[in-house]
Amino acid sequence: MDIPTDVWGQLALEASQVYLTEGGMRSPFANTTIEKLPDKVLLNIFCYLTHREICRMATVCKRWRMVAYDTRLWTHVSLRPEISGLHVGSLESLLALISIRFGPSLRYIELPIELITHTVLHELAAKCPNLTHMLLDFSTAMQLHDFSEMQAFPTKLRYLCICLSEVIFMEGFMRKIYNFINGLEILHLIGTYEKVEEEEEEIYEVINVHKLKSATPNLRVINLYGINFVDDSHIDAFSSNCIQLECLAVNYCNKVTGSTMKTLFQRSRRLTCLLMNGCSLQSEYVMQVEWEKSSIQELDVTATDLSTECLIDMLSRIPNLRFLSAGQINGFNDSVLKAWLEAGTTRSLLALDVDSSDNLSDDALHRFLSRVGAQLSGLVLSGMPHITDQLWQSVLQLLTNAKILIMGTQERLGVNIHVDQLMDGIANSCPNLERLELRWDPENLRFSDKSQKAIDVLRVKCLKLKSLVLSDGRYYEIVKANFERADRTTVVRTSTNCRVSNYYLLSNYKDLIFN
C-alpha cells in the first residue's frame with residue numbers, strides 16, 4: 001500500500017526536531033501520538049496484521065474501527081479458525097460480512113463445512129464479483145447442507161480447492177456448480193492421506209472425477225493430493241479433456257501405477273511438471289513413456305519402487321530436466337548417476353533431491369557434483385548417515401548459485417559434525433542462499449566459543465536468507481539469539497515447526513500451495 005512521501009517526510013521532521021528545556025531535551029511534537037497519524041498510515045500499519053488482530057484493533061475506538069473495516073484489508077480471508085482463520089459464529093454474521101466488509105475487494109476466501117450453504121454461495125456470487133480463489137473444506141463433514149435450491153455460484157474462479165471427506169459423496173453439490181467453473185485454471189482436490197489408519201476400511205469414490213473433468217477444460221494445474229481412490233483412470237480422464245495441462249501432482253495417491261503415463265504425455269504436450277511422490281509406480285509402465293518427445297522439466301518420483309534400469313532409461317532420455325526429486329528409492333545408486341552424466345542430459349538440471357538414498361556413495365556424489373554443482377539452485381543430501389560435513393566442505397565452493405541446501409540426518413551418528421567450519425564455508429560460497437536446513441542431531445554438532453563469528457559471517461554474507469532450520473538444542477538457541485539481535489527474528493526455526501524443500505523452486509509452486 002503506497003503512502004504519500006509528504007506524510008513520511010512530516011513524521012521524519014517531527015522526529016528530528018528537538019529543543020532543550022529545564023527537564024532536558026524535548027521534542028516540539030512530544031504530544032504527538034498514534035492518534036495523530038493519517039488514516040492512510042494507519043491502514044498501511046494494519047495491513048501487516050492478521051484478521052484476528054485487526055478485529056481486536058477495531059475495538060479501540062470508532063476511528064480505528066473505520067480503518068479496520070476498510071475493504072482493502074479484507075481481500076484474502078480465511079474463515080477456518082483451526083488454520084489461523086477467523087471464527088464466524090453464525091450464517092447471519094457471515095452474510096453481513098460479505099455484504100458490508102468484503103464486497104468487490106474480496107479475491108480469496110476459505111470456508112469450513114458449516115458455512116458452505118447455498119445462501120452463502122449465492123451472496124458471494126452476487127456481492128463479490130472479483131472473487132477468483134476459493135477453498136471449500138468438507139474434510140470434517142458428516143452431512144452436507146441441502147443444495148437443491150442453489151442457483152448461483154462465483155463465476156470468475158481461477159483457483160478452486162476442495163478438501164474431501166472420506167464418507168460424504170459430493171455429487172449433489174458438484175452437479176450444481178459444474179456450469180459455473182469452466183473458467184478454472186487451477187484445481188486442488190485434497191484427500192485424507194494423513195488420516196489413514198492401519199486398519200483397511202472400505203474406500204469410497206466421494207467425487208466423480210470423470211464428470212468434473214468435462215466441466216473444467218481449461219485447467220493448467222491439477223493437484224490430487226493423498227486421495228485414496230484416485231488411480232490411473234482418473235489421470236487418463238483429465239488428460240483426455242485438459243489440453244492446457246502444464247502441471248499434474250498426484251502425491252500420495254498410492255493406487256497410481258503409471259499405466260496411463262504414456263497416453264498422458266501423448267495428449268498433454270504442454271505438461272512440464274509431474275509430481276508422483278509416494279505413488280505405486282511400476283518400472284515397466286514408466287519405461288514405455290516417450291520421454292525424449294515430452295516437454296517434462298520437473299519430476300518427482302520420491303518413495304517409489306522404480307528399478308535402477310528404469311531410472312537410467314528415464315534420466316537418459318529426458319532432454320531438459322531441470323528439477324528431480326528421487327529420494328527414498330533403493331534403485332537410485334552410483335550407476336544411475338554415472339549413466340546420467342554419460343548421457344549428457346544433466347545440462348539443464350537446477351534442483352536435485354536424493355534424500356535417504358543409502359545406495360549412493362560419497363565418491364559418486366562428489367564426481368556428479370563436480371560436473372553439475374555450479375548450475376544447481378537446490379540440493380538435498382539429507383537422510384544419509386554416511387554423508388557428513390566432509391563431503392559438503394569439499395563441494396561447497398562449487399555451489400555458488402545455491403538458493404536451497406538441505407543436509408544431515410536425524411539419526412545419531414558415530415562422528416561429530418564441525419558446524420562452525422561448515423557455516424563459514426556456506427557463507428563464503430553461497431551468497432544467494434535463501435533456505436538452509438541442518439537435520440543433524442544436536443548431540444552430533446560440535447562448535448566452539450567462537451561460533452558467534454561464523455554465525456555473524458553467515459548472517460552478513462547471506463542477506464537473502466529467509467529460513468534457517470535446525471534441530472532444537474543448544475546450537476539452535478545460539479543461532480536464534482544471534483539473528484534476533486540483528487532484528488531478523490523470523491529466520492531461525494526448529495525442524496519441529498518448519499521443513500525446507502526444493503519445491504520452492506518449482507515453476508508452478510505458488511499455484512500448488514493449498515491450506
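Helix 16 and helix 17 are roughly parallel to each other, since angles under 35 degrees count as roughly parallel, those over 145 as roughly antiparallel, those of 65 to 115 as roughly perpendicular and the rest as oblique. Their axes come within 8 Å and cross at roughly 20°; axes here are lines fitted to C-alpha atoms, for helices over the stretch in contact, with angles running from 0 to 180 degrees between N-to-C directions. The model is predicted, with local features requiring pLDDT of at least 70 and side-chain atom pairs counted only at pLDDT 80 or more, whereas totals for chains, interfaces and linings use all residues. Residues are numbered from 1 along each chain as its sequence is written, and side-chain values use heavy atoms, with hydrogens and water left out.

The secondary structure of the protein comprises 19 helices and 20 strands, where helices (H or I, at least four residues) and strands (E, at least two) are DSSP runs numbered from the N terminus. The C-alpha trace spans about 80 × 70 × 40 Å along its principal axes. Of the 515 residues, 51% count as buried (buried means under 20% relative accessible area, exposed over 50% and partly exposed in between, with a 1.4 Å probe and protein chains only). Among contacts (heavy atoms within 4.5 Å) between residues at least 6 apart in sequence, 79% join residues at least 24 apart. Two domains are assigned, domain 1 covering 35–73 and domain 2 covering 350–356 + 371–514; the bounds come from an automatic or database domain assignment. The centres of domain 1 and domain 2, taken over C-alpha atoms, are separated by 38 Å.

Helix 16 (residues 419–429) is mostly covered, with eight of its eleven residues buried. These buried residues are Val419, Asp420, Leu422, Met423, Gly425, Ile426, Ala427 and Ser429. The crossing of helix 16 with helix 17 is left-handed; a crossing is left-handed if the near helix is turned anticlockwise from the far one by less than a right angle, and right-handed if clockwise. On the side of helix 16, Asp420, Met423, Asp424, Ile426, Ala427 and Asn428 take part, and they meet Ser451, Ala454, Val457, Leu458 and Lys461 of helix 17. By class, this contact of helix 16 with helix 17 has six nonpolar, two polar and three charged residues (Ala, Val, Leu, Ile, Met, Phe, Trp, Tyr, Cys and Pro count as nonpolar, Asp, Glu, Lys and Arg as charged, and the others, Gly among them, as polar).

Helix 17 (residues 451–461) also packs against helix 18 (residues 474–485), at an angle of about 50° and with the axes 10 Å apart. Helix 17 is therefore oblique to helix 18. The crossing of this pair, helix 17 and helix 18, is right-handed. Ser451, Gln452, Ile455, Asp456 and Arg459 of helix 17 contact Tyr475, Ile478, Val479, Asn482, Phe483 and Arg485 of helix 18. The contact of helix 17 with helix 18 contains five nonpolar, three polar and three charged residues.

A further helix pair is formed by helix 12 (residues 308–317) and helix 13, whose axes come within 9 Å and cross at roughly 20°. Helix 12 and helix 13 are therefore roughly parallel to each other, and their crossing is right-handed. Thr308, Leu311, Ile312, Leu315 and Ser316 of helix 12 make the contact with Ser335, Val336, Ala339, Trp340 and Ala343 of helix 13.

In helix 9 (residues 232–241), the residues Asp232, His234, Ile235, Ala237, Phe238 and Ser239 are buried. The buried residues of helix 9 pack against strand 7 (186–190), helix 8 (209–215), strand 8 (221–225), strand 9 (247–249) and helix 10 (261–267). Phenylalanine 102, in helix 5 (residues 91–102), is likewise buried, with a relative accessible area of 1%. Beyond its neighbours within four places in sequence, phenylalanine 102 is in contact with Thr71, Trp74, Val77, Leu94, Leu97, Ile109 and Cys128.

Positive phi values were also computed in two loops. Glutamine 328, although not a glycine, has a positive phi of about 60° and is found in the loop between strand 12 (323–325) and helix 13 (334–343). At 44% relative accessibility, glutamine 328 counts as partly exposed. Aspartate 487, in the loop between helix 18 and strand 20 (492–494), has a positive phi near 60°. With a relative accessible area of 66%, aspartate 487 is exposed.
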